[in-house]
Amino acid sequence: MNMEKDKGRSEAALLIAVVFLLGVLFGTVAMHLWGERVWGHEETHATAMKPVNEVVAHFTQELQLTPSQQVQVTAIIDDTRAQWKALYAPVDAEKEQIRQQSRARIRALLTPEQQPKFDAFMRRLDEQRAKEQAAH
């Protein structure tokens, strides 16, 4: 009977350890995904685009475009990107509004000592995002 009791305790301890590890794994993944959404580190349609000259160079290499065709393809890509930008502008504005609301809610939970640190942290994240967007 003692062996059964010890075996049961061992199984219970193992089960607790597995549940704990799964919780850590789930928490890590959830925080990563939540962070991308709230802090804005996800790659957006704007940052995912390659520069026009790279796209045209690739087309030229693959298709042997003439200089005239290169100019026309550049114009088409520029026009397409302008249409995409106009399409996404309302969504981007709404996304920014949601991000700011989330930050305000978090800031409201913080102590007066934590709030300036939070504000500085958010400024650094915003600066980093702006640099990344400017690079693309």
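**Notebook: an aromatic pair and a loop residue**

I started with W84, which is partly exposed at a relative accessible area of 41% (buried is under 20%, exposed over 50%, partly exposed in between, with a 1.4 Å probe and protein chains only).

I noted the ground rules next: this is a predicted model, where local features need pLDDT of at least 70, side-chain atom pairs count only at pLDDT 80 or more, and totals for chains, interfaces and linings use all residues. Residues are numbered from 1 along each chain as its sequence is written, and side-chain values use heavy atoms, with hydrogens and water left out.

Then I looked up confidence. The chain has a mean pLDDT (the predictor's confidence in each residue, from 0 to 100) of 82, and 79% of its residues reach 70 or more. Over residues 41–47 pLDDT stays under 50, and there the model has 14 contacts beyond four places in sequence (heavy atoms within 4.5 Å).

Back to W84. I searched the whole structure for aromatic pairs and found one. W84 and Y88 form this pair, stacked at 5.5 Å centre to centre with 15° between the planes. Rings of Phe, Tyr and Trp (its six-membered ring) pair if their centres lie within 6.5 Å; planes under 30 degrees apart are stacked, over 60 edge-to-face, the rest tilted. Both residues sit in helix α4 (residues 67–109), four apart, so about one helical turn separates them. Y88 is partly exposed too, at 27%.

Last, I checked Q64. Its phi is near 55°, a positive value in a residue other than glycine. Q64 lies in the loop between α3 (52–63) and α4, and is exposed at 58% relative accessibility. Helices (H or I, at least four residues) are DSSP runs, numbered from the N terminus.

Notes:
Helix = DSSP H or I, 4+ residues; strand = E, 2+ residues; numbered from the N terminus.
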